[in-house]
Amino acid sequence: THFGFETVPEAEKAKRVYKVFENVAQKYDVMNDAMSLGIHRLWKDMLLHVMHPQPGAQLLDVAGGTGDIAFRFLDYVRSQQERQKRRAARSSQTPSWQEISDNYSSEDELQPSRAVVCDINKEMLRVGKQKAESTGVSAGLSWVVGDAEELPFDDDQFDIYTIAFGIRNVTHIDQALQEALRVLKPGGRFMCLEFSKVTNPVLARLYDAYSFQMIPVLGEVIAGDWKSYQYLVESIRKFPSQEEFKHMIEDAGFCSVQYYNLTGGVVALHSGFKL
Ligand code: SAM
């Protein structure tokens with residue numbers, strides 16, 4: 001209809017997606033805050049809260065862009081580690097079973113937590129890497145160019161696979177889900193944040209008006225790029241509903257698939273496990 005993304009052939013879609021993110025990379029973080037009124041930060045925090053990763057966990061963040069999920073992950077794991085250390089120090093006299101096991105898991109036995117940010121777009125990664133270097137949080141992070149549909153990793157490598165606001169950009173979602181399953185260790189968890197279907201009809205109308213009318217305007221004003229942001233709105237609209245996407249994750253072979261609606265379904269958090 002609008003930008004014509006619906007009618008472009010598959011091979012064309014990937015190229016256009018690449019261009020969109022190449023164009024917006026430099027302004028990506030600012031735009032995220034502007035368009036979501038800062039709320040994307042809460043959605044990402046919520047992902048970490050539900051994930052509750054423990055020291056030693058290995059994360060793969062696909063379509064990781066400028067690294068928001070990976071930064072939060074390492075932060076969270078560090079705070080967990082500090083907590084466990086403090087608890088152990090407080091009760092070094094007569095440790096409980098809980099403390100014995102916490103100490104055990106946070107000391108030398110485990111490899112340190114790592115987060116791998118994988119994205120198809122090297123511009124997005126470059127901006128993320130720069131951010132990590134300038135804020136001094138590069139330790140434990142790696143940045144890898146790669147396609148969600150054909151991940152450059154061996155089987156059974158990661159405890160957690162995340163994809164935040166990335167899967168709707170992928171041409172073959174089923175293929176990306178297969179790859180997620182492949183690279184996760186048995187017992188590993190798949191977690192996805194994505195724009196979804198607003199459940200409340202009043203909120204739905206407000207949201208429609210906001211996204212169709214405001215987002216391309218903000219794109220033009222802040223990034224000088226109407227079309228990229230028009231694409232964004234269209235890709236959100238075309239993405240499957242919460243239930244449909246849940247079934248796709250199950251069809252790929254994940255177990256205990258669940259989702260949570262955030263902000264009335266503006267965003268959904270899907271989760272599933274590899275057995
Ligand atoms: N996860 C980050 C966040 O939440 O801020 C970035 C999300 S951004 C909206 C979408 C990202 O998906 C872009 O960086 C884009 O380059 C990436 N992407 C698109 N298609 C991809 C693919 N097939 N494989 C890997 N990354 C892809």
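Reader: Is the crossing of α8 and α9 left-handed or right-handed?
Author: The model is predicted. Helix α8 covers residues 201–223 and helix α9 covers residues 226–238. Their crossing is right-handed.

Reader: How are α8 and α9 directed relative to each other?
Author: The two helices pack with their axes 7 Å apart, at an angle of about 150°. An angle over 145 degrees counts as roughly antiparallel. Therefore α8 and α9 are, relative to each other, roughly antiparallel.

Reader: Which residues of α9 meet α8, and how many residues of the contact are charged?
Author: From α8 come S211, F212, I215, P216, L218, G219 and E220. On the α9 side they meet W226, S228, Y229, Q230, L232, V233 and I236. By class, this contact of α8 with α9 has nine nonpolar and four polar residues, and the number of charged ones is one.

Reader: What classes of residue make up the contact of α2 with α8?
Author: Helix α2 (residues 28–36) and α8 cross at roughly 145°, and their axes come within 10 Å. V30, M31, A34 and M35 in α2 meet I215, L218, I222 and A223 in α8. The contact has no polar and no charged residues; its eight residues are nonpolar.

Reader: Which handedness does the crossing of α2 and α8 have?
Author: The helices in question are α2, with residues 28–36, and α8. Their crossing is right-handed.

Reader: Is α3 oblique or roughly parallel to α4?
Author: Helix α3 (residues 39–51) packs against α4 with the axes 10 Å apart and an angle of about 45°. Angles under 35 degrees count as roughly parallel, and those from 65 to 115 as roughly perpendicular. The angle of about 45° therefore makes α3, relative to α4, oblique.

Reader: How many charged residues does the contact of α3 with α4 have?
Author: K44, D45, L47 and L48 in α3 meet D68, I69, R72, F73 and Y76 in α4. This contact divides into five nonpolar residues, no polar ones and a charged group of four.

Reader: Which strands stand at the edges of the sheet, and why is one side of each left without a neighbour?
Author: The open sheet has seven strands in the order β3-β2-β1-β4-β5-β7-β6, with mixed pairing. Each edge strand has a single partner strand, so one of its sides has no neighbour in the sheet. The edge strands are β3 (141–145) and β6 (255–262).

Reader: What is the average twist from one strand to the next?
Author: The value concerns the open sheet formed by seven strands. From one strand to the next, the twist averages 15°.

Reader: Which residue in β5 stands opposite T162?
Author: Strand β4 (residues 158–164) and strand β5 (residues 184–195) run parallel and are joined by six bridges. Opposite T162 stands the β5 residue M191.

Reader: Which strands does helix α10 touch?
Author: Helix α10 (residues 242–251) packs on the sheet, and its direction makes about 155° with that of β6. The strands it touches are β5, β6 and β7 (267–273).

Reader: Which elements give two or more residues to the shell around the ligand?
Author: The ligand is surrounded by 20 residues, of which the closest are A63, G65, N121, A148 and A164. Two or more residues of this shell come from each of α1 (10–24) and α4 (68–90).

Reader: How many residues of the shell around the ligand are charged?
Author: Eleven residues of the shell are nonpolar and five are polar. The number of charged residues there is four.

Note on methods:
Residues are numbered from 1 along each chain as its sequence is written. This is a predicted model: local features need pLDDT of at least 70, side-chain atom pairs count only at pLDDT 80 or more; totals for chains, interfaces and linings use all residues. A residue is near a molecule or strand if its C-beta atom, placed from the backbone, lies within 6 Å of it. Helices (H or I, at least four residues) and strands (E, at least two) are DSSP runs, numbered from the N terminus. Ala, Val, Leu, Ile, Met, Phe, Trp, Tyr, Cys and Pro count as nonpolar, Asp, Glu, Lys and Arg as charged, and the others, Gly among them, as polar. Axes are lines fitted to C-alpha atoms, for helices over the stretch in contact, and angles run from 0 to 180 degrees between N-to-C directions. A crossing is left-handed if the near helix is turned anticlockwise from the far one by less than a right angle, and right-handed if clockwise. Two residues are in contact if their C-beta atoms, placed from the backbone, lie within 7 Å. Two strands pair if DSSP finds at least two bridges between them.
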